[in-house]
Amino acid sequence: MTMHTVSVDAMIEDLRALVEVESPSRDHDALAASAKTVAAVIESRLGGHAVLVESEAGPHVHWSGGGEPKVLILGHHDTVFPLGTLARRPFKVEGGHATGPGVFDMLGGLVQAIHGLAVLKDRTGVEILVTADEEVGSGSSRALIEERALACGAVLVFEGASDAGGLKTGRKGCGTFQVSIAGRASHAGLEPAAGVNALIEAAHQVLDIAALGRPEIGTTVTPTVAAAGTLDNVVPAEATVVVDVRVETAEEKERIEAAFAALTPHLDEARITVEGGVRRPPMPESASAELFAVAQRLVPGIEGKAVGGGSDGNFTAALGVATLDGLGAVGGGAHADHEYLVVDAMAERAHLVAGLVKEIQNK
């Protein structure tokens, strides 16, 4: 494979530029600035023109190397950290680690992908799509992701690596349900029996919902947030329960969604409303098998792992498009204050991108 080598110093320079433009999901102004920076980095390293695709969530960034589409480089530029995080936790490199908001999830992966492509003389057939809303469900980007994935036929996802730098060969489907309970308020001292206690109904529902889990086959159903009541002497008229769901198969997705739709009250006159669903379908390991085999040839000993978290790769894999994930930063601490990227792994990951793309181009 005749390629230039990547410059880690140049990657660090671009990573700093991206991290220092804060980009919390749903902050349209911040994401507009972030998208411009992403586009500028792409154009400076790869040439051509990166298009900003406006959406209600903020701008997505799309770049094409021309020719017949063959491979989609997929990532996102939104992060989970609120404005002001950078002042508290500025970008820095020390002890072999880069730290700062978003370095691992997933700005480091974007930089590695761009620099990996930069070493290829021929970038025809390559597309890059960097979305603005992955951390909040990809509502505005999903259709575009699916369109470009189908057009390209292969997808490389630059979310952070799994433990010890492994690639992500499978992902659970995931979703959130909100169960709202309507009861009837009454005075807790004077006429408690006149009320319908939404909190007691919620307690019944939490136990029913938790019982839906089948961890032995990868299905977890976890009530995470609950709220009820207004005053300490009023029978609660309303309650809500939020539930995190993860599944490994389409059959389990259907079973869980049907079970939530079928929830019934235990108390007379209580009413239940359910919103949400398993929005990200599972990414089966079969979707990554062919691309992972190529990665193993390029980096002997690299590991693959099915993980519980979801990404935009779930959408592309569900379409039957070959998808390999976890190609981004080696590090850890996603969504946490100790988030970090391993600097020494950046060059190898960039060259892995180049090798995978070259192989796909030559198919």
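## Around helix 5

Helices here are DSSP runs of H or I with at least four residues, strands are E runs of at least two, and both are numbered from the N terminus. Keep in mind that this is a predicted model, where local features need pLDDT of at least 70, side-chain atom pairs count only at pLDDT 80 or more, and totals for chains, interfaces and linings use all residues. Residues are numbered from 1 along each chain as its sequence is written, and side-chain values use heavy atoms, with hydrogens and water left out.

Helix 5 itself (residues 142-152) has Leu-144, Ile-145, Glu-146, Arg-148, Ala-149 and Cys-152 buried, meaning under 20% relative accessible area with a 1.4 Å probe, protein chains only (exposed is over 50%, partly exposed in between). Among the elements covering those residues are strand 3 (71-76), strand 7 (154-157) and helix 9 (313-318).

## Val-357 and its partners

Which residues does Val-357 contact, leaving aside its neighbours within four places in sequence? They are Val-71, Ile-73, Leu-117, Leu-120, Val-126 and Leu-156, where contact means heavy atoms within 4.5 Å.

## The second largest pocket

Cys-152 and Gly-153 turn up again here, among the residues that line the second largest pocket. Helix 8 (289-298) and helix 10 (346-361) each give two or more residues to that lining, and helix 8 gives the most, with three.

Terms used:
1 Å grid on protein atoms, 1.4 Å probe; cavity = no way out; pocket = protein on both sides within 12 Å on 5 of 7 lines; lining within 4 Å.
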